[in-house]
Amino acid sequence: MKLLNMAKVLVLIPVAAMLISCVGIFAKAERGTLPDLLSSEWALSYISSMQMNTDYRPTLALSEDLTASGFAGCNRYRSGVELAATDELMFTAIVTTKRACLNTPMKSEDAYLAALRSVSSWSITRNVLRLMDKDGNTLLKFKRFGANPGPNI
């Protein structure tokens with residue numbers, strides 16, 4: 001009986017090791033890269049400073065010429081982008097159109113643009129882009145257009 005239990009353990013150890021290594025491979029595949037960041041369009045799903053108004057959902061598109069553009073909630077915007085180390089990101093010289101909007105869209109837009117100005121790093125996991133401040137706090141979360149982000153975004 002002890003021999004049979006020992007045989008089971010010897011078979012299960014390599015199987016467990018293989019499963020653990022597969023989890024690592026899949027986790028790495030879910031992490032985004034710089035080309036993912038620069039070749040996708042994103043819709044805002046979370047802003048840390050306020051309740052998001054879904055009628056005026058900001059968008060973000062970053063391009064290889066190191067510019068960002070999108071809809072800020074009321075106006076269109078454009079910005080320069082600085083990419084330093086692997087995950088560092090800063091938005092520079094943000095300019096917007098000058099449409100007059102109601103109070104709610106303007107408050108949302110002001111909060112969104114203030115958050116963009118505070119961004120210093122980024123990460124992508126499961127089609128979700130997170131923009132963080134210098135302390136690593138998530139300021140903004142975006143969902144990739146046309147993608148299902150999965151649970152826990």
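Which handedness does the link of C74 and C101 have? With 80 degrees about the S-S bond, this link is right-handed. The structure described here is a predicted model, in which local features need pLDDT of at least 70 and side-chain atom pairs count only at pLDDT 80 or more, while totals for chains, interfaces and linings use all residues. Residues are numbered from 1 along each chain as its sequence is written, and side-chain values use heavy atoms, with hydrogens and water left out.

The bond between C74 and C101 is a disulfide, with an S to S distance of 1.5 Å; the term stands for a pair of cysteine sulfur atoms within 2.5 Å. By this rule the model has one disulfide. Distant parts of the chain are linked by the pair, 27 residues apart: C74 sits in the loop between β3 (67–71) and β4 (76–83), and C101 in the loop between β5 (89–96) and α3 (103–118). Here helices (H or I, at least four residues) and strands (E, at least two) are DSSP runs, numbered from the N terminus. C74 counts as buried because its relative accessibility is 2%, whereas C101, at 25%, counts as partly exposed.

Now to the sheet. Eight strands form an open sheet in the order β5-β4-β3-β2-β1-β8-β7-β6, with antiparallel pairing; two strands pair if DSSP finds at least two bridges between them. Its edge strands, β5 and β6 (121–125), each pair on one side only. Strands β1 (residues 41–47) and β8 (residues 138–144) run antiparallel and are joined by five bridges. Within this pairing, Y46 has K141 in β8 as its bridge partner. Helix α3 packs on the sheet, touching β1, β2 (59–62), β3, β4, β5, β7 (128–132) and β8, where contact means heavy atoms within 4.5 Å. The direction of α3 makes about 105 degrees with that of β8; axes are lines fitted to C-alpha atoms, for helices over the stretch in contact, and angles run from 0 to 180 degrees between N-to-C directions.

Most residues other than glycine have a negative phi. L66, in the loop between β2 and β3, has a positive phi of about 60 degrees although it is not a glycine. N127, in the loop between β6 and β7, has a positive phi near 65 degrees.

Definitions and conventions
Buried < 20%, exposed > 50% of the residue type's maximum accessible area, 1.4 Å probe, protein only.
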